[in-house]
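Good morning, everyone, and thank you for making time for this.

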Amino acid sequence: MSKVRFMLAALTLTVAWTASAWSANAPAAATPVEKGVEVSFDFSRKGGTGTNQYAIWIEDADGKFIKTIFVTSFTTVRGGWRYRNENLPRWIEASNVAKMPRKKMDAISGATAGNRRVVKYWDLTDEDGDPVPNGDYTVFLEGTIRRENQVLYRAQIYVGGEPATIEPLPEYTGKATTDRDMIQNVVVKYTP
């Protein structure tokens, strides 16, 4: 009987330790903001190279770059912007990543998601952390589907206006029609 109790206790400790270790290594949940913009979409990871890259950024009504919300780390810290010019071309141009300090790259980038719903937030601040003035802004979500085949979603919001939920339509470039399900069901929600 004591052998059974010992084995049961060891099993309980193993399960508790495994759950604790898993939760300590699990990715942090996205933190919602009381006011701001939530960008969510279904992501379907693709096999091969030259794919699975995406960036989310904000521009003002004049097309001035305001802030990157997220970009996959291959593009930034791993230098993909240098040698794969078909990788996120609109974000690369808008963000001026060539002049971006490494510390900033680290702050805005992360690993490519697995197959899941991705949720990211904009807290209505610019790159320096200062609140943006009321006005029109465009939220961009660009994805490199495969090499020169891209998808772009854009949603216009009015900061200072009423709450809004936008489901932007995809704009595809390139000839390929396969793997277009990499980014789907995009929703941009503004909460004043």
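This is a predicted model: local features need pLDDT of at least 70, side-chain atom pairs count only at pLDDT 80 or more; totals for chains, interfaces and linings use all residues.

**The sheet and the residues that join it**

Let me begin with an open sheet of six strands, whose order is 4-3-2-6-7-9 and whose pairing is mixed. Strand 4 (109-110) and strand 9 (171-173) stand at the edges with a single partner strand each, so one side of each has no neighbour in the sheet. For the terms, helices (H or I, at least four residues) and strands (E, at least two) are DSSP runs numbered from the N terminus, and two strands pair if DSSP finds at least two bridges between them.

Residues are numbered from 1 along each chain as its sequence is written, and side-chain values use heavy atoms, with hydrogens and water left out.

Within the sheet, strand 2 (residues 53-60) and strand 6 run antiparallel and are joined by eight bridges, and in one of these pairings Tyr54 has Gly143 of strand 6 as its bridge partner. As a general point, the side chains in a regular strand alternate between the two faces of the sheet.

Now to a residue in strand 6 (residues 135-146), namely Glu142. Is Glu142 buried or exposed? Its relative accessibility is 0%, and therefore Glu142 counts as buried, where buried means under 20% relative accessible area, exposed means over 50%, and partly exposed is in between, using a 1.4 Å probe and protein chains only.

What lies around Glu142? If we set aside its neighbours within four places in sequence, the residues in contact with Glu142 include Gln53, Tyr54, Trp57, Leu88 and Val151, contact meaning heavy atoms within 4.5 Å. A polar atom of the Glu142 side chain lies 3.1 Å from the backbone nitrogen of Arg90, and a polar atom of that side chain lies 2.9 Å from the backbone nitrogen of Trp91.

The side chains of Glu142 and Arg90 also meet in a salt bridge, at 3.6 Å from N to O. This pair links distant parts of the chain, with Glu142 in strand 6 and Arg90 in helix 3 (residues 89-95), 52 residues apart. A salt bridge here is a side-chain nitrogen of Lys or Arg within 4 Å of a carboxyl oxygen of Asp or Glu, and Arg90, at 31% relative accessibility, counts as partly exposed.

How many salt bridges does a search of the whole structure find? The search finds six, and I will describe two others.

One of them joins the side chains of Arg146 and Asp179 at 2.9 Å, N to O. Because Arg146 lies in strand 6 and Asp179 in the loop between strand 9 and strand 10 (183-191), the pair ties together parts that are 33 residues apart in sequence.

Another is formed by Arg154 and Glu171, whose closest N and O atoms are 2.8 Å apart. Arg154 lies in strand 7 (residues 149-159) and Glu171 in strand 9, so this pair ties together parts 17 residues apart in sequence. Arg154 is partly exposed, with a relative accessible area of 40%, and Glu171 counts as partly exposed at 33% relative accessibility.

I will finish with strand 10, which pairs in the antiparallel sense with strand 1 (residues 36-43) over seven bridges and with strand 8 (residues 164-166) over three bridges. In strand 10, Gln184 is the bridge partner of Asp42, and Lys189 stands opposite Thr165.

Definitions and conventions: A polar contact is a pair of N or O atoms within 3.5 Å; within protein, one must be able to donate a hydrogen and the other to accept it, and residues adjacent in sequence count only if both atoms are side-chain atoms.
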